[in-house]
Amino acid sequence: MSDLPENSKSPLAVNPDAAPSPVMTPTLPAVADSPEAAIEAGSHPEQLLSDVASLPALPGVYRYFDAQGQVLYVGKAINLKKRVSSYFQKNHGGTRIGHMVSKIVRLETTVVRSEAEALLLENNLIKTLNPKYNILFRDDKSYPYLKISAAAPLPKDIKDIADSLLKTGAKGQNGLQKTGVKVNGNWFPRVAYYRGAVEKKHHYFGPYPSAWAVKEAILLMQKVFKLRTCEDSVFSNRTRPCLLYQIKRCSGPCVGHISPAGYAQDVADAERFLNGDAQEVMTELEARMMAHADKLEFEQAAELRNQVSALSNVLHQQSVDNVSDRDVDILAVKVQGGRACVNLAMVRGGRHLGDRPYFPVQVQDSAGLDVADDDVPERSVESQILDAFIAQHYLNVPVPPSLVVSGPVDKDLLKALAVQTGIKVSAENNPRSQRRVWLEMAQTNANLQLARLLSEEGSQQARTRALYEALDLLIDNLDELRIECFDISHTSGESTQASCVVFHHHKMQNAEYRRYKITDITPGDDYAAMRQVLLRRYGKLAEVLNEAKRTGETPAGTGRLPDLVLVDGGKGQVSMAREVFTQLGLDLSLIVGVEKGEGRRIGLEELVFADGREKVYLGKDSAALMLVAQIRDEAHRFAITGMRAARAKVRMDGGKLEEIPGIGPKRRARLLQRFGGVRGVAMASVDDMASVEGISHDLAEEIYRALH
């Protein structure tokens, strides 16, 4: 058999030292003999049955494909011969397994050395290939972290100067500047929200379940430890304390109100707190407070007293009874109405950070598809969902040493996680004390989130049906209704962008959204922009479909036209769309324009048709109009965010400085050093730029005009 598909990735890439690469073994055709002769031929190709008969009795991963080359199912087995043969030897009737097996025309296998490797490979392939009959967890966003930047080493002479200035009361940058020293933001680590690749030199805490949880943690760092959150460009240009200093949310390092050593102590305390050493930090702060009081240094003692009080309030609000649980994930599964929810709650550093719901797809089609061994009982749907989540989720996310779960977890899966991460992972499904409280909270949230999803889906399906009936659409399966909507966005012709958003399966499909950069048109010509995006979107597809009509054969992998093409605009935009579809030989009845109503008021929109039908007003309270407006507004949002990003990139591109006449590498470096980056330069006034060495007032005006 063939190896992995070219676009698939080995799961061992997550931890290349955890285990060697899997052994790839081709499956060769062979003449079936006992017990392979028991395989029923049915309607399956002879090559497939021959491949099944020649499988080795080794651990590995198998993949089933249909006639169109689409992946149907990915599974693992301790014994490939026994597991795969069982799909074809038994009569599965009208079950889900039988329905899937009837579509199989091709098989691929990969032999590995252990079940742990098979588990890792299986779930990496599931995430990569999105097979139709596997439980899938799709997460298109990375987790946010709290980041504390690394501190630059402080030269000894500057440290002595800063400490002496603080003792004598000569605060602020002006005091330092008199000695030839300027406060450097790199000496004072910044706490910030972060999402993306991790750099080793900085310190990261998390992951957090949501952006809100990170921002709450940052607010906590400000209240208790008074760490700075300002950008380096802002920090380096402060001459007076900001508002955060006035409200006691920052210690004012930018103007010298705290020494580097004092600030470093606050950073160390904050990191220990985030790591779960809250009680130790509290004890140390109290000891330092009493030491200052004994020395009659009441001002410093009062500052520490306020810190202790703030930290005490935080610990009281957290209500963490079992501080030995530093890092724990709590997983609760709820299945209802053909849908499922996995609620993930996170405890990091002994603090409950909140939770995040996940909704797997293809639960109904996937349940019970893996043929169980005779000596292994079939697992419940909830257990299968839980196993699938753990296996897929922790491929790319650090797994904590302890999991609290609402049901039993496959022990082999935990062993595979240990192989991948190098740490022992335990799962407890009948917890006590604080862990039981956490699990009950997660179960309650899973119930609430699933009820909300079912309610929203019911409402969305009603809107889809209303639109289907209002426009008399020709489609057999309402679940397959596909709508694509286009919008154009620009600022006085600058950075023109077109957006295409997709509505399918009763919801917006974010992964299928596309942006198109519009070029070679008269700035501000929306009609030309619409023509260009429609030609680019449907040109090649129209060629393939027209050729298929002529030959009677449709190539595998050919896409499909939407059932409805929405255009944000009235008669003009619809006329342009009609010209494009006529040129491409496509059905004009697909095109519908969304025309603004009187006074451009929401709820008064009318639908304009390209095939000559009269305009339709669906009514202000129409569910169909609500769906149209929802899709149109999403297209507008997606277009305008893309346009703004493109415009900002043009205006704020660092390379633009050197393109300005009179700005060479040296002057550019001075500007960036003074203002902390191109954004800081753009925010600076002409007079501020003229104060930089080598920048005249005329040149400063030229820079200002170029960046604005």
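Colleague: Is D687 buried or exposed?

Modeller: D687 counts as exposed, because its relative accessibility is 54%. Exposed means over 50% relative accessible area, buried means under 20%, and partly exposed is in between (1.4 Å probe, protein chains only). This is a predicted model, where local features need pLDDT of at least 70, side-chain atom pairs count only at pLDDT 80 or more, and totals for chains, interfaces and linings use all residues. Residues are numbered from 1 along each chain as its sequence is written, and side-chain values use heavy atoms, with hydrogens and water left out.

Colleague: Where does D687 sit?

Modeller: In helix α23. Helices are DSSP runs of H or I with at least four residues, strands are E runs of at least two, and both are numbered from the N terminus. The protein chain has 24 helices and 18 strands.

Colleague: Now a contrast: is E634 buried or exposed?

Modeller: E634 is buried, since its relative accessible area is 16%. You'll find E634 in helix α19, which covers residues 623–652.

Colleague: What is E634 in contact with, leaving aside neighbours within four places in sequence?

Modeller: Contact means heavy atoms within 4.5 Å. With those neighbours left aside, E634 touches V501, M508 and Y513.

Colleague: And how do contacts look across the protein chain?

Modeller: Take the contacts with a separation of 6 or more: 65% of them join residues 24 or more positions apart.

Colleague: What share of the protein chain's residues is buried?

Modeller: Of its 708 residues, 46% are buried.
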